[in-house]
Amino acid sequence: MNYQETLQWLFSQLPMYQRQGKAAYKADLNNTLELDKYFNHPHKKFRSIHIAGTNGKGSVSHMLASVLQESGYKVGLYTSPHLKDFRERIKIDGKMVSEEFVVDFVQKHQQIFEKIKPSFFEMTVAMAFDYFAQENIDVAVVEVGMGGRLDSTNIVNPDLSVITNIGFDHMAFLGNTLAEIAGEKAGIIKENVPVVIGETHPETKKVFIHKAIDVNTQIYFADEHYTVDYSMISLDNKQVFNIRNQDKLVYPDLKIDLLGSYQKRNIVTVLKSIEILREYNYTINDNTIYNALSKVVANTGLLGRWQILNQKPLTVCDTGHNLEGISYVIEQIKNTPHKNLHFVFGVVDDKSIDKMLEILPRNAIYYFTKADIPRALNQEILKEKAKNYGLNGKTYKSVDEALQNAKKNADDNDLIFIGGSTFIVAEAL
């Protein structure tokens with residue numbers, strides 16, 4: 001099998017949540033533990049940092065990976081889903097795993113996959129950990145796929161656990177209240193492993209504190225320590241923050257190359273995490289932090305976070321795909337100068353989208369479309385639902401067709417935004 005045939009086998013043989021939804025979800029760790037045993041527990045051969053949360057976990061993972069890389073560590077990075085190439089999920093020092101490794105791994109272990117029948121995600125976690133162990137990395141930054149307690153990544157015993165925030169997403173699996181969802185995410189909090197919580201919320205704070213007490217570990221709420229004074233965009237197109245710890249200015253003019261205004265929430269989580277890692281003998285100095293955060297994209301290859309694809313008309317995509325994620329995006333659209341807004345929009349069909357539709361801008365021209373996956377909501381149904389909220393536009397059978405029409409209709413001073421689902425962004429890229 002070549003690389004494309006190998007991917008075809010993986011996508012067709014292994015149930016994949018991103019494509020199929022609920023049918024691919026495994027509500028236990030049995031397959032993961034069986035694969036871990038078969039591969040001789042590779043996750044025990046490197047240090048790790050484990051990151052969960054509803055929004056921001058991808059950005060936080062990449063920022064931390066960039067900082068550790070610049071500090072001289074050999075850094076594995078495991079994230080999901082991928083946008084353009086499967087190999088984005090598994091990187092060392094910003095370089096994707098090779099096509100050869102993926103092909104060899106699947107061919108060599110095909111029999112065990114046919115026997116255990118893992119999900120696509122379970123297999124990918126096994127591949128990542130095996131690769132990291134073989135390549136002798138120092139530390140892996142491991143992003144949770146969904147939830148925490150029952151996520152395949154939750155076999156790691158990390159140096160630090162991080163939970164960015166809690167919002168309403170994947171409620172069919174994680175619960176219908178913020179406290180229930182927090183309970184699932186809190187499943188990554190382990191005995192004597194410090195945990196950083198990015199955002200304090202009255203409904204979830206006590207859940208995290210109780211769990212930390214239960215497992216006898218230290219808990220830190222990042223936003224109770226660090227605050228962002230202001231943010232602005234610099235001439236070299238980076239976001240600049242002034243950051244205080246309590247009342248003391250600790251990071252003046254800290255630049256990051258991620259332009260989403262919502263990154264002000266993530267940066268405090270990253271800085272608190274670095275503070276704890278330093279206490280646990282990670283060598284990270286302030287110059288390195290400044291250097292690493294100014295080139296997260298170059299160091300790690302992060303895609304799809306308020307990513308500018310074109311200047312005239314300004315064309316931006318963002319992977320925000322739940323109520324909180326979309327609300328951050330809308331806030332930034334409002335603060336971005338433009339004449340008319342062209343919104344290329346599609347969603348998956350197993351999410352409740354009414355609250356999302358409620359907050360979308362009424363004055364935009366919508367290009368309703370669907371990603372080329374079984375889970376995507378049909379564009380005609382989306383258009384009808386959107387109409388109930390005063391959102392108007394035409395339907396298009398593919399993301400490319402929708403985007404080409406938006407480009408045709410937009411003037412130089414307009415803004416084209418592409419989003420609603422990770423898969424819409426993936427196809428636009």
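The paragraphs below lead through a predicted model, from its sheets and helix contacts to its nonpolar cores and some individual residues. Residues are numbered from 1 along each chain as its sequence is written, and side-chain values use heavy atoms, with hydrogens and water left out. Because the model is predicted, local features need pLDDT of at least 70 and side-chain atom pairs count only at pLDDT 80 or more, whereas totals for chains, interfaces and linings use all residues.

Helices (H or I, at least four residues) and strands (E, at least two) are DSSP runs, numbered from the N terminus. The crossing of α1 and α5 is left-handed, a term used if the near helix is turned anticlockwise from the far one by less than a right angle. Contact, which means heavy atoms within 4.5 Å, is made here by Tyr3, Thr6, Trp9 and Leu10 of α1 and by Glu99, Val102, Val103, Val106, Gln110, Phe113 and Glu114 of α5. These residues divide into seven nonpolar, two polar and two charged, where Ala, Val, Leu, Ile, Met, Phe, Trp, Tyr, Cys and Pro count as nonpolar, Asp, Glu, Lys and Arg as charged, and the others, Gly among them, as polar.

Four bridges join β2 to strand β5 (residues 139–143) in parallel, with Gly76 opposite Ala140 in β5, while three bridges join β2 to β3 in the antiparallel sense, with Tyr78 opposite Ile90 in β3. Val75 and Leu77 point one way from β2 and Gly76 and Tyr78 the other way, and all are buried, that is, under 20% relative accessible area, with exposed meaning over 50% and partly exposed in between (1.4 Å probe, protein chains only).

Leaving aside neighbours within four places in sequence, Glu88 is in contact with Thr79, His82, Leu83, Met96 and Leu303. Pro81 lies in the loop between β2 and β3 as well, and a cis peptide bond, with omega about -10 degrees, joins Ser80 to Pro81.

Turning to the interior, a nonpolar core is a set of buried Ala, Val, Leu, Ile, Met, Phe, Trp, Tyr and Cys residues joined through side-chain atoms within 4.5 Å. Of the 39 residues in the largest core, Ile49, Leu68, Ile267, Leu271, Ile289 and Leu293 touch the most other members, and the largest share of this core, seven residues, comes from helix α10 (residues 263–279). Apart from it lies another core, of 37 residues, among them Trp9, Met123, Met127 and Val156. Beyond its neighbours within four places in sequence, Ile49 is in contact with residues including Leu64, Leu68, Ala140, Pro158 and Leu277.

Helix α10 also lies across β9, β10 and β11, running at about 130 degrees to β9. These three strands form an open antiparallel sheet in the order β9-β10-β11; β9 (226–233) and β11 (248–256) stand at its edges with a single partner strand each, so one side of each is left without a neighbour in the sheet. The twist averages 20 degrees from one strand to the next. Strand β10 (residues 239–245) pairs with β11 over six bridges, and the bridge partner of Ile243 in β11 is Tyr251. In the loop between β9 and β10 is Asn237, whose phi is near 60 degrees, a positive value in a residue other than glycine.

Another open sheet, of six strands with mixed pairing, has the order β12-β13-β17-β14-β15-β16, and its edge strands are β12 (307–310) and β16 (393–395). Within this sheet, strand β13 (residues 314–317) and strand β17 (residues 415–419) run parallel, joined by four bridges, and Cys317 has Ile418 in β17 as its bridge partner. The loop between β12 and β13 contains Pro313, and the peptide bond from Lys312 to Pro313 is cis, with omega near -10 degrees.

Terms used
Two strands pair if DSSP finds at least two bridges between them. Axes are lines fitted to C-alpha atoms, for helices over the stretch in contact, and angles run from 0 to 180 degrees between N-to-C directions.
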